[in-house]
Amino acid sequence: MEAKKKIVTAVIHLACILVSITMLIPFLWMVLTAFKSVPESTQVDPFIIFPTVWRTEAFSVVMENMNFLLLYKNTLLLIFFRVLCAVLTATLAGYAFARLNFKGKNFMFSMVLFQMMIPSQIFIIPQYIMVSKIGALNSIFGLVFPGLVTAFGTFLLKQAYMTLPKDLEEAARLDGCNIPQTFLFIMAPLARSSMVALGIFTAVFAFKDLMWPMIVNTEKDMLTLSSALAKMQGQYTTNFPQLMAASLIACLPMIVIYVIFQKQFIEGIATSGGKL
Amino acid sequence: MAKPKKKVTSQERNEFIWGWIFIIPTMLGLIILNIIPIFQTIYQSFFKTGDFGRGNIFVGLENYQKMFGDSQVWQALLNTVKYALMEVPVSIIISLVLAVLLNRKMKGRSVYRTIMFLPMVAAPAAVAMVWRWLFNSDFGLLNHVLGTKINWISSPDIAIYSIAVIGIWSIIGYNMVLFLSGLQEIPGDYYEAASIDGATGFKQFWHITCPLLSPTIFFVLITRIIGALQVFDLIFMVMDRANPALIKTQSLVYLFYEYSFRQKNQGYGSAIVVLLLILIMLVTVFQMVGQKKWVHYN
Amino acid sequence: MKMKRVSALLMCAVMTASLAACGGGEKGTADGAADGGGNGEKLSVMIWDNYQEPGLKEIIGDFTEETGIEAEVQVVQWNEYWTLLEAGAQGGEMPDVFWMHSNESQRYMSNEILLDLTDKAADSELVDMSKYPEEIKELYTYDGKVYGIPKDIDTIALWYNKTMFDEAGIAYPDETWTWDTLVENAKKLTKDDGSQYGIAIRNDTNQEAYYNMVYDMGGEIISEDRKTSGYDNPDTIKGMQYIEKLIQDGSMPSMETMSENGPDVLLKSGKIAMSFHGSWMVSTFKQEDYLKENCDCAVLPMGKESQRRVSIYNGLGWAAAANGDNTENAWKLIEYLGSEKAQQKQAELGVTMSAWEGTSDTWAACAPEFNLKVYLDMREDMVVRPYSRSTVTWENRASEIFKDVFIGNMSMEDACKQIAKEMNETLAEE
């Protein structure tokens, strides 16, 4: 039995390592390129995988040219407000759609699904016009704007509430809890890991959102990491080492955020036994 | 608050009031930000649009007639469906297996989880550039390592598969996080009970994990199919316009972008969006109806 | 009951928190707007080319010093640039001062999105409309009204790899070259093992390559009144057949290769001996060590019979938004940027060649490694980049159809006739 368990664990590790390598190859290349010189990065013959000299030029040039502190600040503000708005509105709406019965619910929920079916590119021009009409171009609010509410998150949390056992809710009701109390004290805490997942996705999508930040915030002080990176990419040609160096610096905070949130999952395991 | 006389009706009324209070922020936002523009788009698809939204001329179904006779649109529809058929199942299977494996207590779990999630946090511009290089037929790593000279992203027969590989690579982290969080919500005592009954490994996975995770699987399926049918960024950034394989890889959204944004033919672009909308709606409704057969809610 | 109140309070707190949060963001706006130009003090200047940003900033710095009017240069990538302007023109806010391109100018001018500069330019002491090339002015004039002040001009030259020419024992390209010489030598410079090709021209390398050939042969892309296509003109086809010859000779890398790695990448990685590049590429080329060591530029070949050596040329224009709330200052900036002094400086700093007559000569010195004078020489016989209202549509279609010629599925003659047919349909709808 013990031996079998060991073999199983070994196989699992092997599988995970294989997938991890596939996941990492593109990143390795990013790292290697960041330390190369420009000609090295596009060199063909002889084929170069490792830089001949590990240069940190690209990093220092990028650090000098881009105000990363400001970019981090704008990006983090964007992420913070989008996550806050998304989690708040979606938790409420998701609960109502999953657990309450009221007139108009199905129609409203079909609207939510409807929104998800439309490619987001069609919203860019109308939303730009809205933002500029309220005079919020080049602001954090302008950045957050399309993410004030989330159809995706509403749907995600609706699914999460639907998995929760019904008897919990009934018990709470019998104890005299009204709807907001049941929601706030019983149901919402149970959907925590889905909220965390929504938080992670909202953060990631906000970080990756490209076309919108590029259009709505054009002032240098109001750029986000992704729009500053895209700007670096230039129209005609690209300095690969600098671009890769900047990308690496740019995704660091996202990795940190993920690692922090990830703990939530592990804690979730610890408490899941006591959930019921 | 006065005590209502009839318990049932009061409960109903309460649910009505609180239901609406809970959904109003979301619905208000969605209607203003999204629903109105959607209907404007649908409306536009019946017009020959003028410059800057002025002087639109009503043409009835002309855009649709043109679209149905446009082989490019049909090819794009085919490309889109092909892409979705590859990306969605493969990425879901891989990430479901990974999530179940990484949900166990094991060494290095959080390291693996972080690595698998990495593609999600990489800047899109950098991702596209890295993959373009990996796939590059002359200077790329893949051909160098394999000793081949395959045009991964410029051969019309292969390019769509290469694009799907990038798609799968970048979306595994997304699926995995969702599955992990879904797994968290499965109470541990189900498994305890199962192991007492002697169910282990695959049996547990099939009889406990799958049914209990089915709402999450359903959610991933719906959102990923929609997402895959809306594929755009990847193709936009990886495929150059001079690429001979473009015609065999461009998606409906790409075509919409081409017409609405580049050629400023918003009427025709809108008609393409409506076609996509109908496609997605059909698939989603089909899934919504089908879910009763396999999705288990408490 | 107590619990109810607590929960209600909590709900309220959550709601206000979320509102405050969003409101907090909005406050940021107000601050941003105060120094950001919303109140009409600081002008926003929008461009799409990073490489020009430093030079333009310096020139605008001079302007601020002279007038006290502040302006901020904002760079937005090409695709998003036009999306932004489109949204602005549909009812949103537009930047105060921005670049116009011949692909788009007709739509913007005919809908009066741009500020009418006719009288302002006529009364100006700094701007003298007679000093700009006639055709560039025309790009930004509609119904006799001026909507843009010419900013720069660009021409095309032939780039070649000296090392490869030396190795093959072929003399460097010079003004004696005809297109036949080019085709001939491209074949000689191609190695059988696929490690080196003579030249790279893509199906969409129009302005930089095949448009020039067409006009050298006496053909045209679009008629002078911009109502009919010139692709079915026998001379146009003759010009395009040089491309067909290069394809058939195998002097060019495969279309797949060129689509993944453009001619510029192939040139700087030592894969091709020749390619054509517009003067706007110089700002990136001068940063490439390989090019500095191995490559140089020469004038374009000429047509054997016509003895013409045409360079297609184009130029951007400075424009302002008609509905801007700061049009007075916007004009002052445009006026300054169009002035002889600023244009002189633009060339001196190596930003681009300038539109103002006689101000560009200093530009050639910005990269002494290269014989940039040839770009100036190419100004002797220039044809403006063919355009109409729907340039993008028919140009895209042409590139699409040429793909079949590159693959070998269609003859150049058939392709040109097909393009002419479709292009005429598009033009008829304008």
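Start by selecting strand 1 (residues 42-47) of chain C: six bridges tie it to strand 2 of chain C, and the two run parallel. Helices (H or I, at least four residues) and strands (E, at least two) are DSSP runs, numbered from the N terminus. This is a predicted model, where local features need pLDDT of at least 70 and side-chain atom pairs count only at pLDDT 80 or more, while totals for chains, interfaces and linings use all residues. Residues are numbered from 1 along each chain as its sequence is written, and chains are lettered from A and ligands numbered from 1 in the order in which they are written.

Pick C:Val45 next; its bridge partner in strand 2 of chain C is C:Val73.

Now widen the selection to the open sheet of five strands in chain C, with order 2-1-3-13-6 and mixed pairing (two strands pair if DSSP finds at least two bridges between them). Strand 2 (70-75) and strand 6 (149-150) of chain C are the edges, each with a single partner strand, so one side of each has no neighbour in the sheet.

Move on to chains A and B. Their contact takes 88 residues from chain A and 73 residues from chain B (residues are in contact if their C-beta atoms, placed from the backbone, lie within 7 Å). On the side of chain A that touches chain B, helix 14 (residues 240-272) of chain A gives the most, 14 residues.

Last stop: select B:Ile272. Which residues does B:Ile272 touch, not counting residues up to four places away in sequence? They are B:Met67, B:Val73, B:Leu252, B:Leu255, B:Phe256 and B:Tyr259.

Conventions. Contact = placed C-beta atoms within 7 Å.
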